[in-house]
Amino acid sequence: MYTPSVFLTTDTAEMVAFMKRFSFATIVTVKDNYPTATHLPFLVREVDNTIVLTSHFARANKQWEEIEANPVLVIFSEPHAFISPKHYDKVQNVPTWNYVAVHAYGRGKLLPEPQQAVPVLEQMIETFEASYRQQWDSLPADFKERAVNGIMAFEIAVTELQGKNKLSQNKNEAERHRIIETLSKSDHEGERQIAAFMKAKEKGS
């Protein structure tokens with residue numbers, strides 16, 4: 001990911017927190033010089049000082065066949081905001097976009113057995129809709145077996161994290177404050193989130 005030093009983040013805890021918060025990500029693999037991407041929810045955890053990403057493909061999605069052969073990339077990126085040059089002191093400026101993104105590179109490992117896939121499904125339930133767990137537990141065994149057989153669970157041991165916070169750090173304080181004020185009042189949640197990230201960056205600087 002192209003990241004000028006002013007926008008670079010190397011804080012692992014910050015990046016992990018971002019991945020957990022915006023956990024619907026894009027996994028990218030390459031086979032025969034052809035890239036393939038799938039959008040999936042991920043569980044993010046740290047095991048023995050290694051960040052581990054866990055999810056599952058639909059078994060019919062053959063991208064799962066590619067994740068063990070070569071390094072994979074998972075892209076976490078959600079809030080973003082258009083930044084108008086009206087906020088800047090000088091007329092000679094152009095529009096841009098603010099955003100936060102984390103790229104996680106790693107090696108994939110398939111979890112093909114039911115006894116491996118079931119805990120992945122159940123942890124997904126606990127993470128994203130804990131109230132559904134009681135319904136899941138009451139479902140017939142044959143239904144749950146079909147559900148498990150319809151997926152291919154996997155995990156990725158992260159070997160490299162790249163983080164980018166493009167939050168107008170290259171602008172002066174007054175310009176940043178005008179941007180924050182405008183985005184904070186936006187009707188779009190993503191723009192309000194970018195304002196919040198900018199406020200946090202101001203406090204931390």
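The following legends describe close-up views of a predicted model.

**View 1. Packing of helix α5 against helix α6.** Two packed helices are described by the angle between their axes and the distance between the axes. For helix α5 (residues 173–184) and helix α6 (residues 189–204), the angle is about 145° and the axes lie 8 Å apart. The crossing in which α5 passes α6 is left-handed.

**View 2. Residues at the contact of α5 with α6.** From α5, the contact involves Glu173, Arg176, His177, Ile179, Ile180, Leu183 and Ser184. These residues meet Glu191, Arg192, Ile194, Ala195, Met198, Lys199 and Glu202 of α6.

**View 3. Helix α2 and its buried residues.** Helix α2 spans residues 114–128, a total of 15 residues. From its first C-alpha to its last, α2 reaches 21 Å, close to the 21 Å expected at 1.5 Å a residue. Ala117, Val120, Leu121, Met124 and Ile125 are the buried residues of α2. They lie on the same side of α2 because they cover an arc of only 140° around the axis.

View 4. Asn165 belongs to strand β8, which runs through residues 151–166. With a relative accessible area of 5%, Asn165 falls under the 20% cut-off and therefore counts as buried. Leaving aside residues up to four places away in sequence, Asn165 touches Phe7, Thr9, Glu14, Tyr99, Val100 and Lys201.

Terms used. Residues are numbered from 1 along each chain as its sequence is written. This is a predicted model: local features need pLDDT of at least 70, side-chain atom pairs count only at pLDDT 80 or more; totals for chains, interfaces and linings use all residues. Side-chain values use heavy atoms; hydrogens and water are left out. Axes are lines fitted to C-alpha atoms, for helices over the stretch in contact, and angles run from 0 to 180 degrees between N-to-C directions. Helices (H or I, at least four residues) and strands (E, at least two) are DSSP runs, numbered from the N terminus. A crossing is left-handed if the near helix is turned anticlockwise from the far one by less than a right angle, and right-handed if clockwise. Contact means heavy atoms within 4.5 Å. The expected span of a helix is 1.5 Å times one less than its number of residues. Buried means under 20% relative accessible area, exposed over 50%, partly exposed in between (1.4 Å probe, protein chains only). The arc is that of the directions from the helix axis to the C-beta atoms.
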